[in-house]
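Me: I'd like to go through this structure with you. Can we start once it is on screen?

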Amino acid sequence: HWVWGMKKIKITQVRSVIDRPERQKKTMSALGLNKLNATVELEATPQILGMVRKVNHLVSVEETK
């Protein structure tokens, strides 16, 4: 559920998942990223941040309000 003041982050896929381990591909699709330059805006929960940390070499992250 939505918590007041929860930060949002904008995650953009900047590198391809071709030749990446299956686990990283699954993490990317779990984040909702399935093609190059796709962008999703998600709440910065510990779970999401952990997933981003696992694929941080494939994405760029910026904070939004």
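**Charges, fold and core**

Me: How far apart are the mean positions of the positive and negative charges of the protein?
Reply: They are 3 Å apart, for 12 positive and 6 negative charges. Lys and Arg count as positive, Asp and Glu as negative, and His and the chain ends are not counted. Each charge is placed at NZ of Lys, CZ of Arg, CG of Asp or CD of Glu.

Me: What kind of model is this, and what are the ground rules?
Reply: This is a predicted model, where local features need pLDDT of at least 70, side-chain atom pairs count only at pLDDT 80 or more, and totals for chains, interfaces and linings use all residues. Residues are numbered from 1 along each chain as its sequence is written, and side-chain values use heavy atoms, with hydrogens and water left out.

Me: How many helices and strands?
Reply: The protein has two helices and three strands. Their order from the N terminus is β-α-β-α-β. Helices (H or I, at least four residues) and strands (E, at least two) are DSSP runs, numbered from the N terminus.

Me: And how compact is the protein?
Reply: As compact as a globular protein of that length, because its radius of gyration is 12 Å, close to the 11 Å that the globule rule gives for 65 residues. The radius is taken over C-alpha atoms, and the rule is 2.2 Å times the number of residues to the power 0.38. The C-alpha trace spans about 40 × 20 × 15 Å along its principal axes.

Me: How much of the protein is buried?
Reply: 31% of the 65 residues. Buried means under 20% relative accessible area, exposed over 50%, and partly exposed in between (1.4 Å probe, protein chains only).

Me: What about the exposed area?
Reply: About 4,800 Å², with carbon and sulfur atoms supplying 53% of it. Accessible areas come from the Shrake-Rupley method with a 1.4 Å probe; for residues, only the protein chains shown count as cover.

Me: Now the core. Which residues have the most contacts inside the largest one?
Reply: Ile11, Leu31, Leu33, Val52 and Val59, in a core of 13 residues. β1 and α2 (46-54) each supply at least two residues of this core. A nonpolar core is a set of buried Ala, Val, Leu, Ile, Met, Phe, Trp, Tyr and Cys residues joined through side-chain atoms within 4.5 Å.

Me: What does Val59 touch?
Reply: Leaving out neighbours within four places in sequence, Val59 contacts Ile11, Thr12, Gln13, Val14, Met28, Leu33 and Val52. Contact means heavy atoms within 4.5 Å.

Me: Gln13 is on that list. Is Gln13 buried or exposed?
Reply: Buried, because its relative accessible area is 3%. Gln13 lies in strand β1. Beyond four places in sequence, its contacts include Leu36, Asn37, Ala38 and Leu58.

Me: And Thr12?
Reply: Thr12 is in strand β1 too, which covers residues 8-13. At 15% relative accessible area, Thr12 is buried. Apart from neighbours within four places, Thr12 contacts Asn37, Ala38, Thr39, Leu58, Val59 and Ser60.

Me: Where is Asn37?
Reply: In the loop between α1 and β2 (39-43). Asn37 is exposed, at 59% relative accessibility. Its phi is positive, about 65 degrees, although Asn37 is not a glycine.

Me: What about phi at Asp19?
Reply: Positive, at about 65 degrees, and Asp19 is not a glycine. Asp19 sits in the loop between β1 and α1 (22-30). Asp19 counts as exposed, at 74% relative accessibility.

Me: Switching to lysines. Where is Lys65?
Reply: In the segment after β3 (59-64). Lys65 is exposed, with a relative accessible area of 90%. From Lys65 to Leu49, 16 residues away along the chain, the C-alpha separation is 16 Å.

Me: And Lys54?
Reply: Lys54 belongs to helix α2. Lys54 is exposed, with 59% relative accessible area.
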